[in-house]
Amino acid sequence: MSLRFALSAVLLAGGPAAAAEQPTLDQLMATPSAPDIAAQWKAICLDHAGDAKAQKASVKASELTWPYQAYFLKDKGAPACVLASSIAASDTVDSLFAATEAAASPAALVDRKNDADQASASTVIEGMPYMVTVGIKKSTGNQVATVILTSLKKD
């Protein structure tokens with residue numbers, strides 16, 4: 001799944017999938033750390049890999065609030081779980097990838113590929129192949145981070 005596609009979907013979505021209320025000023029100003037974002041992604045996406053219903057239920061159960069948003073997409077038939085958030089300006093794709101890799105343990109992220117604003121790697125969870133993609137993009141003065149878990153098995 002292309003990070004640019006996912007990020008566009010996140011930014012253009014009609015409303016956050018993870019929150020029913022408008023965010024407070026404090027929430028709008030929040031810039032979670034890379035490890036905090038990776039931990040949220042793990043709890044919602046990775047811990048329920050391959051089970052879209054459980055991923056969606058975990059958003060409700062966790063009462064996920066802004067600045068975190070969760071999205072569930074399909075890219076050419078492959079389901080993807082996306083966690084997006086603002087992130088501190090000092091964070092980089094490398095720091096987000098490192099935090100995601102630590103959160104994914106013991107699942108090993110292998111065959112890393114990266115460019116200026118995203119990095120991806122593959123992993124196998126319970127015998128199923130997945131792609132993990134992280135990215136950071138400037139958006140209206142803020143940095144937006146996305147962490148994506150995409151099944152490599154088409155539905």
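These notebook entries record what I looked up in the structure above.

**Entry 1. Ground rules**

I worked from a predicted model, in which local features need pLDDT of at least 70 and side-chain atom pairs count only at pLDDT 80 or more, while totals for chains, interfaces and linings use all residues. Residues are numbered from 1 along each chain as its sequence is written, and side-chain values use heavy atoms, with hydrogens and water left out.

**Entry 2. Helix H5**

Next I asked which residues of H5 are buried. They are Val93, Leu96, Phe97, Ala99, Thr100, Ala103 and Ala104. I took buried as under 20% relative accessible area, exposed as over 50%, and partly exposed as in between, with a 1.4 Å probe and protein chains only. Viewed down the axis of H5, the buried residues fall within an arc of 165°, so they line one face of the helix. The arc is that of the directions from the helix axis to the C-beta atoms. As background, I noted that an α-helix has 3.6 residues a turn, so residues three or four places apart point the same way.

I then listed what these buried residues pack against: helix H3 (34-44) and strands E2 (78-87), E3 (110-114), E4 (118-125), E5 (128-139) and E6 (142-151). Contact here means heavy atoms within 4.5 Å.

I located Lys42 in helix H3; at 27% relative accessibility, Lys42 is partly exposed. Setting aside residues up to four places away in sequence, Lys42 touches Asp47 and Ala103. Lys42 and Ala104 are 62 residues apart in sequence, yet their C-alpha atoms lie 6.8 Å apart in space.

How many salt bridges are there? I found two, a salt bridge being a side-chain nitrogen of Lys or Arg within 4 Å of a carboxyl oxygen of Asp or Glu. One joins the side chains of Lys42 and Asp47 at 2.7 Å, N to O. Asp47 is partly exposed, with a relative accessible area of 45%.

The side chains of Arg112 and Asp94 also meet in a salt bridge, at 2.6 Å, N to O. Arg112 belongs to strand E3 and Asp94 to helix H5, so this pair ties together parts that are 18 residues apart in sequence. Arg112 is partly exposed at 36% relative accessible area, and Asp94 is partly exposed at 47%.

**Entry 3. Helix H4**

I turned to helix H4, residues 52-62, whose buried residues are Gln55, Ser58 and Val59. They cover an arc of only 105° around the axis, which puts them on the same side of H4. On the other side of H4, I found Lys53, Lys60 and Ala61 exposed. Just after H4, Glu63 takes a positive phi of about 55°.

Is Ser151 buried or exposed? At 10% relative accessibility, Ser151 counts as buried. Ser151 is found in strand E6 and touches Ala78, Pro79, Pro129 and Tyr130, not counting residues up to four places away in sequence.

Lastly, I checked Leu25, in helix H2 (residues 25-29). Leu25 is exposed, with a relative accessible area of 61%.

Methods. Helix = DSSP H or I, 4+ residues; strand = E, 2+ residues; numbered from the N terminus.
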